[in-house]
Amino acid sequence: MHDLDTRLNAAIGLARAAGDLAMRYLPQPGAAQAELKGAQDWLTEADGAVEAFLAAQIADLFPQDGFQGEEGGELRTGERRWVVDPIDGTSNFARGGARWCVSLGLVEGTTPLLGVLVAPALGEIYAARRGGGATLNARPIRAAVTTDLRRATIEVGWSPRLPDLAFQNLANKVQAAGAMLRTGGSGAMGLADVASGRLDGYIEAHINLWDVAGVLPILAEAGAVVSPFLEGPGPVAGDLIYAFAPGLAEVKDRLMR
Ligand code: IPD
């Protein structure tokens with residue numbers, strides 16, 4: 001069996017178990033129940049528990065691979081590195097919402113090798129390995145065939161890490177181009193929606209490696225046009241990310257300028 005298939009199958013199993021664990025912490029809908037690391041920067045009990053679970057399981061199964069998590073940082077270095085976001089979309093999770101996922105990616109240098117997103121409250125699992133296609137609940141997915149921004153729906157991600165103007169500029173350009181504007185609180189899920197064709201584009205002025213490591217191989221395998229996140233400062237300091245339906249590759253520059 002292909003080495004990456006072994007790892008992908010293991011990653012799907014681990015991410016499913018991690019998703020079940022996270023569900024045990026999901027609060028009832030209502031006001032957000034979580035610690036604030038800063039304004040709108042949430043930390044739930046589930047984040048720590050899920051990351052600790054995945055770190056221990058991966059160390060057991062693949063001790064030769066590196067490991068990096070959102071909460072604990074880089075625990076092991078290695079040519080191949082697993083990158084985990086225990087809960088992406090924490091602001092949704094913290095108030096009992098459904099739009100969040102556990103994200104698990106394996107990267108080697110600037111190459112995304114495989115990725116899995118499990119969104120247990122939505123009953124969805126996205127998975128891909130390099131050269132093996134991308135799936136949603138085991139069915140193949142492709143980015144949308146949209147070619148006209150006036151028919152497009154585009155998500156712009158927001159975080160408290162940049163001044164609000166960075167978001168507002170992008171949002172204004174999306175609306176001025178005639179596209180429908182969305183913002184949904186989970187970068188990984190927004191990008192996965194581009195891979196499955198539910199969205200035509202996702203842009204965020206700054207996002208971190210753990211938010212995107214799981215979804216990058218899914219986007220690549222689904223034929224989306226994606227910014228070269230792993231080739232710039234992204235892996236160390238975070239960076240801008242965009243992903244678009246391939247038919248919007250030409251016109252995307254109107255939004256990015
Ligand atoms: C955040 C979410 C959010 C995105 C931010 C991320 P978290 O991750 O993905 O949608 O806009 O850039 O930091 O805090 O939910 O893991």
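I take domain bounds from an automatic or database domain assignment, and I note that the model is predicted.

Entry 1, location of the ligand. I looked up which domains contribute to the shell around the ligand. Domain 1 (3-140) and domain 2 (149-256) both give residues to this shell, so the ligand lies between them. I then checked the pockets and found that the ligand takes up the space of the largest pocket. Two elements, β5 (80-88) and β13 (201-207), each supply two or more residues to the shell around the ligand.

I recorded 16 residues surrounding the ligand, the closest being G89, T90, R161, G187 and E204. By class, I listed three nonpolar, seven polar and six charged residues in the shell.

I looked up distances to oxygen atoms of the ligand. For E204, a polar side-chain atom lies 2.6 Å from a ligand oxygen. For D88, I noted 2.8 Å between an N or O atom of the side chain and a ligand oxygen. At G185, a polar backbone atom is 3.2 Å from an oxygen atom of the ligand.

Technical notes
Residues numbered from 1 in each chain as written. Predicted model: local features only at pLDDT ≥ 70, side-chain atom pairs only at ≥ 80, totals over all residues. Heavy atoms only, no water. Near = heavy atom within 4 Å. Polar contact = N/O pair within 3.5 Å; in protein donor to acceptor, adjacent residues only side chain to side chain. 1 Å grid on protein atoms, 1.4 Å probe; cavity = no way out; pocket = protein on both sides within 12 Å on 5 of 7 lines; lining within 4 Å. Sits in = over half its atoms within 2 Å of the grid points. Helix = DSSP H or I, 4+ residues; strand = E, 2+ residues; numbered from the N terminus. Nonpolar A, V, L, I, M, F, W, Y, C, P; charged D, E, K, R; others polar.
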